[in-house]
Amino acid sequence: MSEENEVITGIEVPIFLKYNFTAGASPTRFLARVKEGVLTGQRCPKCKQVYVPPRGACAGCGVPTEEEVELADKGTVQSFTIVSIPIPGNPIEPPFVVANLVPDGANISFIHLMSECDNADVHIGQRVQAVWKPEEEWDYAMDNIKYFKPIDEPDVPIEKIGKLPVTGLEG
Amino acid sequence: MKEIAIVGYQQSDCVSDAGALNEVELIIPVLGRIFEQVGITNAQDVDFVCSGSCDYLQGAAFAFVLGVDALGAVPPIKESHVEMDAAWALYESILKIRMGHADSALIYGFGKSSPGELPIVLSQQLDPYYLAPQWVDTISLAAMQARMMLDQGLITERDMAEVVARSRRNAINNPHAQLKGDVTADDILAEETYLSPLRRSDCCPVSDGASAVVICTVEKAKAWGKPYAVISGIDHIIESHNPGMRDLTDSVSTRKAAANAGMGDGKVDVAELYAPFSHQELILSRALGLSEDTTINPSGGVLAGNLMMASGLSRIGEVFNRIVAGDAERGVAHTTSGPCLQHNLVAVLDKGEVA
């Protein structure tokens, strides 16, 4: 190669592929209920764990999860982090709290935001409840829930996190 | 060297659109059936699991990771994946067993091609500098290959139509086939051309679905007390990614892989060939030197239904089915990947001892 040749370090090759993506039969049922303002999970017929959001199978047992159960919009903080740096593409201004939350009646946590709280006070075992968008804005989306806020209920002991009935700690 | 047996094979129906089903929902019924066939509970009862899939097909990143939800992977299992047809997952599993790291393995492949435009999606497997940016689709490449065959007088359009008609008729007996029927070569020739010289019927359909195979050492197969077929040889060879550097009217890699797999050591009663286009079946049967003594694609082959990333594994499974049914003593399964038969795998299966 002659030394006058410019070294090519990259070429632009845009790719556009169009897909008619589907969420899956189980996620579809979940999203349809979220649009109605209800969280649902699916119970494994073998180990009885309730998954949320459900994907159609118990990842532990490898069997289909067909029994659908309604969950509370109250839950417990299983873990959390305080995000102090801006995330590209995320409109939320740091610092903000991202938490692993287990809704009452489920055994598996999902991730959502926490707000209306002092970040320094957020802790594992804390009780929270969903703050929903106005009903007319509900869609097939988890951001029908704006965030979870702390509620005035006693903390859940570590060993009971993820094991509460749909009626909560008292139930 | 440890002899390796196939003890189970299951496939879903080939459907043109699996609707809302996600990867787990596609896989789980097939796995349920193969666990029952082999007499095991879940993936905990085998030593190794390997899958084949390609996220480009459905446009979902890391879909294969979510597929693991179908296995029962608690406590954790030994698991691997190939971004290829699951026939190559079977190849990896054979290596695992031969190295003494496992005595049994579950292999599954799944593909949901309906969400995208498959021939266009597959253009992205081409060389990224010169070919992929031109969006050369798989059907156009195959059409050019067929044109070369026809112009050189190696095949006629009637030869191609005969391949399609036999596939449609054989598929009548395949409950999972998507395209089947009592059609003749004349019926096919009466169709208009689609991408010249190919007619639509010369091209495999786009299908959604999954398949699974369980393999193990022959000792284990005997312990399980299941009918089995022995994988007596397997090899795979890949050709240049530049179609211009290959003789597209031949499949040198298939011929070499078959020789390495020991195909010539005995007669071949049955052959399942992964030919997504009718003329490619003619290339393959010639490269393998198959005679009229060999039944070709009794399942209908992939012209009757093409589960991307699973159809290759299914070819092996279909030969297994013929052998355990007593229809054949020895068979050859072929799998392909890439445009115009670029990469080819050949497995030779023999009848196991009667239990």
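Colleague: Which residues touch the most other members of the largest nonpolar core?

Modeller: Please keep in mind that this is a predicted model. In soluble globular proteins, nonpolar side chains tend to be buried together. Here the largest nonpolar core holds 144 residues, and helix α1 (residues 23–38) of chain B supplies its largest share, nine residues. The members that touch the most others in this core are Leu90(B) and Ile107(B).

Colleague: Across which strands of chain B does α1(B) lie?

Modeller: The helix runs at about 35 degrees to β7(B), which is one of the strands concerned. Another of them, β4, covers residues 104–112. Taken together, the strands of chain B that α1(B) lies across are β1, β4 and β7.

Colleague: Which are the edge strands of the open sheet in chain B?

Modeller: The sheet has ten strands with mixed pairing, in the order β3-β2-β4-β7-β1-β8-β12-β11-β9-β10. An edge strand here pairs on one side only, and the two that do so are β3 (79–82) and β10 (295–296).

Colleague: How many nonpolar residues are on the side of chain A that touches chain B?

Modeller: The contact takes 28 residues from chain B and 23 residues from chain A. On the chain A side, two residues are charged and eight are polar, while the number of nonpolar residues is 13.

Note on methods. Residues numbered from 1 in each chain as written. Chains lettered and ligands numbered in written order. Predicted model: local features only at pLDDT ≥ 70, side-chain atom pairs only at ≥ 80, totals over all residues. Contact = placed C-beta atoms within 7 Å. Nonpolar A, V, L, I, M, F, W, Y, C, P; charged D, E, K, R; others polar. Core = buried A, V, L, I, M, F, W, Y, C linked by C-beta atoms within 7 Å. Buried ≥ 20, exposed ≤ 12 C-beta atoms within 10 Å, placed from the backbone. Helix = DSSP H or I, 4+ residues; strand = E, 2+ residues; numbered from the N terminus. Pairing = 2+ DSSP bridges. Axes fitted to C-alpha atoms, helices over the stretch in contact; angles between N-to-C directions.
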